[in-house]
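Me: I've got the model open beside me and I'd like to know what the labels rest on. Can you take me through them?

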Amino acid sequence: MAYGLRCANANNVVGRGSSPTYAEQMDLETEFDMATVVREGNQLSKKKLYGNFAVDIVLFNAQFIGSITGLMIASIVLSWTAQVTVLPSFMLFGFAVGTLIKTLVMYPDFKQSSRSDIFTLMCDPYASPLRGRPVKLQGELIGRGDPGYKFGSDLKLQDPSGMIYTRYASRFGPIGNFLFGSSKVQNLIGSQVNVVGWFRRGIAPWLDLIHLESNSATVNSYHRFWSLTVAVGAIILGFGLFFVL
């Protein structure tokens, strides 16, 4: 009997064998074909996968790379001038440039976003946790992103093909998120909505919300706001150190 089980398990994994699998004996349709998965995996572009991975690493460290680059430029400029504030100023400029590049790549222009569904997005093997893909989705808000937390500002969006965690971001930071979660989210749950956002996939997929519209309300989310604010602040501080001190 143990031998028969081993043979049956082997057939299930390989997908072929001299004896039928349990599913074949019961006339069940195949829902997960490992052979197909392996075949499709072999057809993926490894060059594109590794290239995307390298871009994500650079993007993740964009502020650090920018700061180091600014410091290197400052060391060259310092040979022409005795102004010691060149070092922190150019480091801030580099940090700001790195932040701007990272923000623009993570949150690209959403005006050209295409309509899709959750399942299709999940099937993209090249999806990134950093490089957002602007998309339009239509579905129902079925609950909060964190079930049971009645002040949560994040949402769960469901369409006929699947469900996805949807992140909201206020211009007023955590306080704005708290106020949105405590005062508006409950009224949105159960609504049919049209959503625009940036799709990402890491360990799990999620959507960074840009715009949400239902029959009763319109919601805007501002994920880029604080990154751009930090970048502008670094530029202003850099100029202040360079010209004032």
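**What the labels rest on**

Reply: The protein chain has 10 helices and 7 strands. Both kinds are DSSP runs numbered from the N terminus (helices are H or I with at least four residues, strands are E with at least two). This is a predicted model, so local features need pLDDT of at least 70 and side-chain atom pairs count only at pLDDT 80 or more, while totals for chains, interfaces and linings use all residues. Residues are numbered from 1 along each chain as its sequence is written, and side-chain values use heavy atoms, with hydrogens and water left out.

Me: Why is Gly-181 called buried?

Reply: Gly-181 has 0% relative accessibility, and buried means under 20% relative accessible area, exposed over 50%, and partly exposed in between (1.4 Å probe, protein chains only). So Gly-181 counts as buried. Gly-181 sits in helix 8. Across the chain, buried residues make up 34% of the 245 residues.

Me: What does Gly-181 touch?

Reply: Leaving out residues up to four places away in sequence, Gly-181 touches Arg-144, Lys-150, Phe-151, Gly-152 and Ser-153. A contact here is heavy atoms within 4.5 Å. For Lys-150, 31 residues away along the chain, the C-alpha atoms are 7.2 Å apart.

Me: What makes Glu-213 partly exposed?

Reply: Glu-213 has a relative accessible area of 40%, so it is called partly exposed. Glu-213 belongs to strand 6 (residues 205–213). Not counting residues up to four places away, Glu-213 touches Gln-192, Val-193, Asn-194 and Thr-218. With Val-193, 20 residues off along the chain, the C-alpha separation is 5.5 Å.

Me: And why does Ile-57 count as partly exposed?

Reply: Ile-57 comes out at 41% relative accessible area, so it is partly exposed as well.

Me: Where do helix 4 and helix 5 meet?

Reply: Val-58, Leu-59 and Phe-60 in helix 4 meet Ala-62, Gln-63 and Ile-65 in helix 5. By class that gives 5 nonpolar, 1 polar and no charged residues. The two axes come within 4 Å and cross at roughly 65°.

Me: Which residues lie nearest the centre of the second largest pocket?

Reply: Tyr-168, Phe-180, Lys-184, Val-219 and Asn-220, out of 15 lining residues. A pocket is an open set of points on a 1 Å grid over the protein atoms alone where a 1.4 Å probe fits, with protein on both sides within 12 Å along at least five of seven lines; lining residues have an atom within 4 Å of a point. The second largest pocket holds about 250 Å³ of space, the volume being the space filled by probe spheres set on points joined across faces, edges and corners.

Me: What supplies the largest share of the lining of that pocket?

Reply: Helix 8, with 4 residues. Helix 8 (173–183) and strand 7 (218–220) each supply at least two. The lining divides into 8 nonpolar, 5 polar and 2 charged residues.

How values were computed. Ala, Val, Leu, Ile, Met, Phe, Trp, Tyr, Cys and Pro count as nonpolar, Asp, Glu, Lys and Arg as charged, and the others, Gly among them, as polar. Axes are lines fitted to C-alpha atoms, for helices over the stretch in contact, and angles run from 0 to 180 degrees between N-to-C directions.
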